[in-house]
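Here is a short briefing for a first look at this structure.

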Amino acid sequence: MFRKISVNFLRVISDAPNATLRFFSLHQLPETHTILQKTCRDFAEKELKPIAAALDREHKFPEKQINKLGELGIMGINVSKDYGGAGYDGLSVAVAVEEISKGCAGTGAIVSIHNCLYASLVDRLGTPDQKEIFLKPFTKGTLGCFALSEPDAGSDVGSMTSTAMKRGDRYILNGTKSWVTSGLQGKAAVIFATIDRNLKHKGITAFLVPLSSPGITLGKKEDKLGIRASSTCNIFLQDVEVPEENILGPKGEGFKIAMEQLDKGRVGIAAQAIGIGQAALDMAASYSLQRKAFGKTISELDAVKMQLGKMALRLESARLLVWRAAVLCDNPNRTTKETSMAKLAASQAATYVTHGALQILGGMGYVSDMPAERHYRDARITEIYGGASDIHMSLIGSAILKESSD
Ligand SMILES: Cc1cc2nc3c(=O)[nH]c(=O)nc-3n(C[C@H](O)[C@H](O)[C@H](O)COP(=O)(O)OP(=O)(O)OC[C@H]3O[C@@H](n4cnc5c(N)ncnc54)[C@H](O)[C@@H]3O)c2cc1C
């Protein structure tokens, strides 16, 4: 059944750019994206929702489901068709990640980071030879990673200390990359390291590295608060030899490349936040219609109705910012202000909505028999990774000041 829907999905792909324009005039999703939304919604409902609690409890990676998503075209949504992708647009990434995250936020993290920070980056900057090796096999369920952060360089990534020293026609990588999503399952990573620490930001360079390379060891699986279906680990680099032809994009432009890509990656995280929030809102509304107190369902209490209304308003307004940012991301220009606004609004909405949903469930919200506590834990990461909230507020403020002074 999914395969059938997938064929439809692939058939309408060539309409995507026009569809996106229609989205702006009609203020509703184009038909192409509605088909994709239904495909992902059905998948999440049938394949993810029933196992999400177990994946969370057991910190289990959803291997079978990721492979099925690969077959559906979801693991290379906006990768060009020449390299095995679906050739779709940025809005479709947001739509797909939201639906997947509704079913399982950890799976949403895997899908979002693979698509937004690995596949679309290699598609954007890779040479044809690099794409044959590091992209084509990565659109069907094989995962790629984005290794930017380090133990002492998170918000301040420019201060990274991992080095790449030239030796003949190779670079020798040393250092530690931290918090790598899907590091334990991924087959390759874009690893950022500096070719000359004296050059500061201008020495940072991006390398395409198979994770089976000699000299790479993986750290322990981090024991996280939420999104536990996705793995997170350190990558230790000890004299890892990388051929010069594996440099991704111009040498010394790794910092710029990472910032440009994070603009796009933030849309994925924002969409994940909307999916988590929507799952919590749907569950709270449905619970309130059944739970009785003082002789009537709690949905009849004004306090509960108003709380649901506030939750829906926060979520819906954030979703519009996410869709706007997703459409703008297809433009080659930087979209930092819009993507930061979307990420900040969506992650704060998810925190607000999951908090409210847990409250509406009362005691049942506090135990793992119901998904409210999981949604509450899952939402929290969206305010941290891809840039913590304070950083985004500062980025938005700087953009406003720049616009005012221009
Ligand atoms: C589960 C998980 C998965 C991740 N996946 C990846 C991944 O796949 N690839 C990757 O490269 N990284 C990944 N990360 C790293 C993530 O992007 C960083 O954790 C994040 O950018 C914050 O960096 P930090 O943890 O070092 O916090 P810090 O930089 O130490 O910041 C701590 C606090 O200080 C505040 N702060 C710092 N600087 C400023 C400032 N200038 N102004 C105002 N406030 C400031 C921050 O807002 C934050 O609240 C992941 C992290 C987690 C937890």
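**Around the ligand**

The ligand is surrounded by 21 residues, and the closest are G154, S155, W179, A388 and D390. Two or more residues of this shell come from each of β1 (144-147), β3 (170-181) and α12 (389-405). The model is a predicted one.

- **Make-up:** The shell around the ligand holds eleven nonpolar, eight polar and two charged residues.
- **Domains:** Domain 2 (145-254) and domain 3 (262-399) each give at least three residues to the shell.

**Strand β4**

- Strand β4 covers residues 188-194, and seven of its seven residues are buried, so the rest of the structure largely encloses it.
- A188, V190, F192 and T194 point one way from β4. A189, I191 and A193 point the other way, and all of these residues are buried.
- β4 pairs with β1 in the parallel sense, over four bridges. In that pairing, A189 in β4 stands opposite C145.
- β4 is also joined to strand β5 (residues 204-210) by seven bridges, and these two strands run antiparallel. F207 in β5 is the bridge partner of I191.

**Residue G90**

- G90 belongs to helix α5 (residues 90-103).
- Why does G90 count as buried? G90 has 25 C-beta neighbours inside 10 Å, and a residue is buried if 20 or more lie within that distance.
- Beyond its neighbours within four places in sequence, G90 is in contact with N78, V267, A326, V327, C329 and D330.
- G90 and A350 are 260 residues apart along the chain, and 21 Å separates their C-alpha atoms.

Key: Residues are numbered from 1 along each chain as its sequence is written. This is a predicted model: local features need pLDDT of at least 70, side-chain atom pairs count only at pLDDT 80 or more; totals for chains, interfaces and linings use all residues. A residue is near a molecule or strand if its C-beta atom, placed from the backbone, lies within 6 Å of it. Ala, Val, Leu, Ile, Met, Phe, Trp, Tyr, Cys and Pro count as nonpolar, Asp, Glu, Lys and Arg as charged, and the others, Gly among them, as polar. Domain bounds come from an automatic or database domain assignment. A residue is buried if 20 or more other C-beta atoms lie within 10 Å of its own, exposed if 12 or fewer, and partly exposed in between; C-beta atoms are placed from the backbone. Two residues are in contact if their C-beta atoms, placed from the backbone, lie within 7 Å. Two strands pair if DSSP finds at least two bridges between them.
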